[in-house]
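Student: I've got this model open and I'd like to go through one part of it slowly. Could you start from a single side chain and then work outwards?

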There are 2 protein chains.
Amino acid sequence: MSTEHRFVDGYLLYLLARASSVASAEFHDQVRASGVSVAVWRVLASLKGTDGLTIGELTSSCLANQPAISKTVDKLVGQQLLTRTTDPDDRRRVWVELTPQGEARADELIARAQKHQDRLIAAIGLEEIDTLRTALTRLIDRAPAKK
Amino acid sequence: MSTEHRFVDGYLLYLLARASSVASAEFHDQVRASGVSVAVWRVLASLKGTDGLTIGELTSSCLANQPAISKTVDKLVGQQLLTRTTDPDDRRRVWVELTPQGEARADELIARAQKHQDRLIAAIGLEEIDTLRTALTRLIDRAPAKK
DNA sequence: GTTCAAAATATTCCTTTTCATATAATAATG
DNA sequence: CATTATTATATGAAAAGGAATATTTTGAAC
């Protein structure tokens with residue numbers, strides 16, 4: 001680099017993407033090292049604590065697109081980590097749930113995530129983290145609804 | 001959804017990813033509608049305002065991995081938006097620069113990005129945006145260095 | 001200066017994502 | 001209720017992305 005007065009360096013969307021990327025990099029490496037992709041981690045984590053989500057809810061929760069989720073769910077059903085059930089009241093919809101094995105896998109990963117977050121809080125400071133959490137939550141809530 | 005007490009809903013890395021995703025969605029749609037991928041937009045935007053970046057610098061700036069950048073640069077060189085030059089002093093390194101056409105393309109997109117950001121600031125409030133910018137910048141600076 | 005290690009980029013192969021569209025079910029309209 | 005529109009998910013071909021490794025060049029150690 002040389003002249004240094006780049007638009008991107010002050011651009012909010014770039015800061016957001018960069019912050020997300022650098023803050024997640026270390027944990028995502030751990031996730032992959034434990035044998036699951038980030039996409040799979042997101043599916044498992046999204047389902048944990050629910051009675052099941054539809055494909056559409058998973059799509060939104062995982063920040064992915066619908067075909068990608070359908071295929072990831074396919075794979076995880078094949079690995080007996082998830083089940084798929086057609087909704088009897090609306091047979092277009094499909095409910096996805098964790099199997100006991102899926103729960104176990106999710107629990108392991110969430111425990112790691114929790115530890116990682118604890119270290120992050122220790123390093124950055126709880127107060128600042130909370131400021132950030134608040135600001136991010138507001139941004140999320142006020143962002144233009146999709147589609 | 002039903003029981004609702006999900007780990008992910010309070011998880012900082014998830015809030016970051018989600019905030020980045022929802023805040024960027026609208027603009028990224030515009031970018032794609034104008035015929036370039038988000039990956040290409042990042043390369044063009046990263047180069048604008050520099051005298052050229054190496055593949056490695058682009059990799060880091062674009063939040064991508066090295067092979068992906070090599071391939072994207074290949075494509076853009078083919079479209080005459082970029083040039084590639086081997087560094088004479090260190091022939092392992094490759095400098096990537098915008099051509100005049102590439103500059104023009106970057107300028108258009110940056111103008112849109114700027115307008116989009118202005119609307120975002122108008123909607124959210126400058127004060128809150130600045131709080132966020134500060135917190136994100138600190139997070140980025142304090143995150144564990146990669147590799 | 002040879003040899004060995006490290007760094008920067010390219011390449012290969014394989015998985016995943018994406019785009020567009022298809023299919024199926026429900027809702028809305030006349 | 002028959003028709004049309006809308007919603008939810010699946011599928012298939014094409015593009016992109018990622019992991020591992022190869023290649024080339026530089027730097028270090030002796």
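Student: What relative accessible area does Arg84(B) have?

Tutor: Keep in mind that we're looking at a predicted model. In it, Arg84(B) has a relative accessible area of 36%, so it counts as partly exposed. Its partner is Asp74(B): the two side chains meet in a salt bridge, 2.3 Å from N to O. Asp74(B) sits in helix α4 of chain B and Arg84(B) in strand β2 (residues 82-86) of chain B, so the bridge ties together parts that are ten residues apart in sequence. Asp74(B) is partly exposed as well, because its relative accessible area is 43%.

Chain A has a linked set of charges: Asp87(A), Asp90(A), Arg92(A) and Arg93(A) are joined into one network by salt bridges that share partners. Arg92(A) reaches 73%, so it counts as exposed. Arg93(A), at 40%, counts as partly exposed. If you search the whole structure, you find 24 salt bridges over all chains.

Thr72(B) counts as buried because its relative accessibility is 14%. Leaving aside neighbours within four places in sequence, Thr72(B) is in contact with Val40(B) and Val43(B). Both of those valines are among the buried residues of α2(B), as are Val38(B), Trp41(B), Leu44(B), Ala45(B), Ser46(B) and Leu47(B). Eight of the ten residues of helix α2 (residues 38-47) of chain B are buried, so the rest of the structure largely encloses this helix. After α2(B) comes Gly49(B), with a positive phi near 95°.

The largest nonpolar core has 88 residues, and Trp41(A) and Trp41(B) are the ones with the most contacts inside it. The element that gives the most to this core is α1(A), with ten residues. As background, nonpolar side chains in soluble globular proteins tend to be buried together. If you zoom in on Trp41(A) and skip its neighbours within four places in sequence, you'll see contacts with Phe27(A), Val31(A), Leu109(A), Ile110(A) and Ala113(A), and across the chain boundary with Phe7(B) and Tyr11(B).

Those last two bring us to the interface. Chain A puts 61 residues into the contact, and chain B puts in 61 residues. About 5700 Å² is buried between chain A and chain B, with carbon and sulfur atoms giving 67% of that area. Polar pairing shows up here too. There are four salt bridges between chain A and chain B, including one in which Arg138(A) meets Glu128(B) at 3.3 Å, N to O. The two chains also have 15 residue pairs in polar contact across the interface. On the side of chain A that touches chain B, α1 (12-33), α2 (38-47), α3 (55-61), α5 (100-124) and α6 (126-142) each supply at least two residues. The largest share of that side comes from α1(A), at 15 residues. By type, the residues on that side of chain A are 31 nonpolar, 18 polar and twelve charged.

Finally, step back to chain A as a whole. It has six helices and three strands, which run α-α-β-α-α-β-β-α-α from the N terminus on. Along the principal axes, the C-alpha atoms of chain A fill a box of roughly 60 × 35 × 30 Å. Chain A has 147 residues, and 47% of them count as buried. Among the contacts in chain A with a separation of 6 or more, 46% are between residues 24 or more positions apart.

Technical notes: Residues numbered from 1 in each chain as written. Chains lettered and ligands numbered in written order. Predicted model: local features only at pLDDT ≥ 70, side-chain atom pairs only at ≥ 80, totals over all residues. Heavy atoms only, no water. Contact = heavy atoms within 4.5 Å. Buried area = accessible area lost by both parts, 1.4 Å probe. Polar contact = N/O pair within 3.5 Å; in protein donor to acceptor, adjacent residues only side chain to side chain. Helix = DSSP H or I, 4+ residues; strand = E, 2+ residues; numbered from the N terminus. Nonpolar A, V, L, I, M, F, W, Y, C, P; charged D, E, K, R; others polar. Core = buried A, V, L, I, M, F, W, Y, C linked by side-chain atoms within 4.5 Å. Buried < 20%, exposed > 50% of the residue type's maximum accessible area, 1.4 Å probe, protein only.
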